[in-house]
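Here is a chain to be read with some care, by asking of each description what makes it apply. Please look at the sequence and the structure before going on.

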Amino acid sequence: MKNEDIKKVLSEFTIFQELNDDELSKIVDIAITREWKKMSHLFHQGDRLENVYFIIDGKIKIYKSDVNGREQLVAIMKKGEMFPHVGFFRKGNYPAYAEVLETSTLITIPISQFERVLIEHPELCIKVFNVLGEKIVDLQDRLEEQILNNTYEQIIKLLIRLGKKHGRELDDGRVLLKTEFTNKDLANMIGTTRETISRTLTKMKKDELIEVADDGNMLLDIESLLGEIDLI
């Protein structure tokens, strides 16, 4: 990509939106654009923390693994998102794996060079803190769900969260969530079993809270799902 193309792409990310042309040029000067093939890894859990990534297109799976090799899905990152958020103001290692789910193009910014730009432009630090603050709130909400809610409530809130982030609202008010998350993925997100997810989704279909199309896509009635939580 040409520098002007990279500048245009970066200007659409939240933390860079209010930078002027000269300030954005400083970011472009340290940016590296690369295409990654499906099933490759950008980094592994425990690798030295060196870069922050910005997704131009494609899909990246962020997951953790415990000592027994059990996988916990943290997030599916898409176009317009950046990761890892811990890359800012932190030394150490990557806390998770980043696997390419489909051929993806990303902009890579070395943390050491990015920190120098932050020092030169304090206003950019404020934007980074705002992005981090939103991420912290999301993580707090997810932790609270696990502590305060039973498994059924956690699954409902998970579907609502995925619907809002990855779904598309239809004319009838329902949300279309495409089949990119397996039952195993859903289970790993909240620390339950695939069988529990399967049983719960079957119950939700019977109760007409969700509908699963022939192609596997899921139709969510967000209002009904929220009402189900209120009844518990």
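Contact here means heavy atoms within 4.5 Å. The model is a predicted one, in which local features need pLDDT of at least 70 and side-chain atom pairs count only at pLDDT 80 or more, while totals for chains, interfaces and linings use all residues. Residues are numbered from 1 along each chain as its sequence is written, and side-chain values use heavy atoms, with hydrogens and water left out.

Q: What makes domain 1 and domain 2 neighbours in contact?
A: By that cut-off, eight residues of domain 1 are in contact with seven residues of domain 2. The bounds, 3-120 for domain 1 and 144-231 for domain 2, come from an automatic or database domain assignment, and the C-alpha centres of the two domains lie 28 Å apart.

Q: How much area do domain 1 and domain 2 bury between them?
A: Buried area is the accessible area (1.4 Å probe) that two parts lose on being put together, summed over both, and for these domains it is about 720 Å², 45% of it on carbon and sulfur atoms. On the side of domain 1, Leu 73, Ile 76 and Lys 78 lose the most area to domain 2, together 58% of what that side buries.

Q: Why is Ile 197 called buried?
A: Buried means under 20% relative accessible area, exposed over 50%, and partly exposed in between (1.4 Å probe, protein chains only). Ile 197 has 1% relative accessibility and therefore counts as buried. Ile 197 is found in helix 7 (residues 194-206), helices being DSSP runs of H or I with at least four residues, and strands runs of E with at least two, numbered from the N terminus. Leaving aside neighbours within four places in sequence, Ile 197 is in contact with Ile 155, Asn 183, Leu 186, Ala 187, Ile 190 and Thr 192.

Q: How do you know which residues of helix 2 are on the same side?
A: In helix 2 (residues 21-29), Glu 23, Leu 24, Ile 27 and Val 28 are buried. They cover an arc of only 145 degrees around the axis, so they are on the same side of helix 2, the arc being that of the directions from the helix axis to the C-beta atoms. On the other side of helix 2, Asp 22 and Asp 29 are exposed.
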